[in-house]
Amino acid sequence: ISCAADQSCIECIPPWGGADYLVKWTESFIRREYETRSKRRLELQRIVDEKLQLAHDESAIVLMTLNSGYGYLFLNWLCGLHMLGIADDIRLTTIVIATDEATELLA
């Protein structure tokens, strides 16, 4: 199978290949991720240390990103946990990264 017929080969997947604009966008995304990784990890550590109420060092943490398009699913998840008694107060061990203003108000 040649690359032209198989768009899933490594030569067609950014950042190694594919359309030039996709390769540039992916390289830019990866570069920004590496440039801000330490800062983001420090911020997450601060949130864990100051905002969450963990029982001990090995407590599980839920970390999620959320936009307003999935708010109903998020609320369904919370209500399901509450109804089934799976988590007494999931808010104590959950970090929600809101990607828009409507979600920030919800979360």
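A salt bridge is a side-chain nitrogen of Lys or Arg within 4 Å of a carboxyl oxygen of Asp or Glu. Side chains of opposite charge can pair when their charged atoms come close. The model shown here is predicted. By this rule it has six salt bridges.

Take Arg31 and Glu35. They form one of these salt bridges, and their closest N and O atoms are 3.9 Å apart. That value passes because the cut-off is 4 Å. Both residues lie in helix α1. They are four residues apart, about one turn of the helix. Glu35 counts as exposed, because its value is 56%. The cut-off for exposed is over 50%.

## A second pair and a network

Glu43 and Arg46 also meet in a salt bridge, with 2.7 Å from N to O. These two residues are three apart in helix α1, so about one helical turn separates them. Glu43 is partly exposed at 36% relative accessibility. Arg46 is partly exposed too, at 32%.

Salt bridges can also share partners. Glu33, Arg37 and Arg40 are joined in this way into one network. Arg40 is partly exposed, with a relative accessible area of 39%. Glu33 has a relative accessible area of 22%, so Glu33 is partly exposed as well.

## A nonpolar patch

Charged pairs are one part of the picture. Which residues form a nonpolar patch on the surface? They are Trp25, Phe29, Ile30 and Tyr34. Together they have about 470 Å² of accessible area.

Phe29 sits in helix α1, which covers residues 20-50. Is Phe29 buried or partly exposed? Phe29 is partly exposed, because its relative accessibility is 45%.

## Two parallel strands

Now look beyond helix α1. Strand β1 spans residues 62-66, and strand β2 spans residues 94-98. The two strands run parallel, and five bridges join them. Across this pairing, Thr65 stands opposite Ile97 in β2.

How does the chain get from β1 to β2? The chain passes through helix α2, residues 71-84. This β-α-β crossover is right-handed.

Key:
Residues are numbered from 1 along each chain as its sequence is written. This is a predicted model: local features need pLDDT of at least 70, side-chain atom pairs count only at pLDDT 80 or more; totals for chains, interfaces and linings use all residues. Side-chain values use heavy atoms; hydrogens and water are left out. Patches are made of residues with over 30% relative accessible area and no salt bridge: like charges are joined within 9 Å, nonpolar side chains (Val, Leu, Ile, Met, Phe, Trp, Tyr) within 5 Å. Accessible areas come from the Shrake-Rupley method with a 1.4 Å probe; for residues, only the protein chains shown count as cover. Buried means under 20% relative accessible area, exposed over 50%, partly exposed in between (1.4 Å probe, protein chains only). Two strands pair if DSSP finds at least two bridges between them. A crossover is right-handed if, with the strands pointing away from the viewer, the path from the first strand over the helix to the second runs clockwise.
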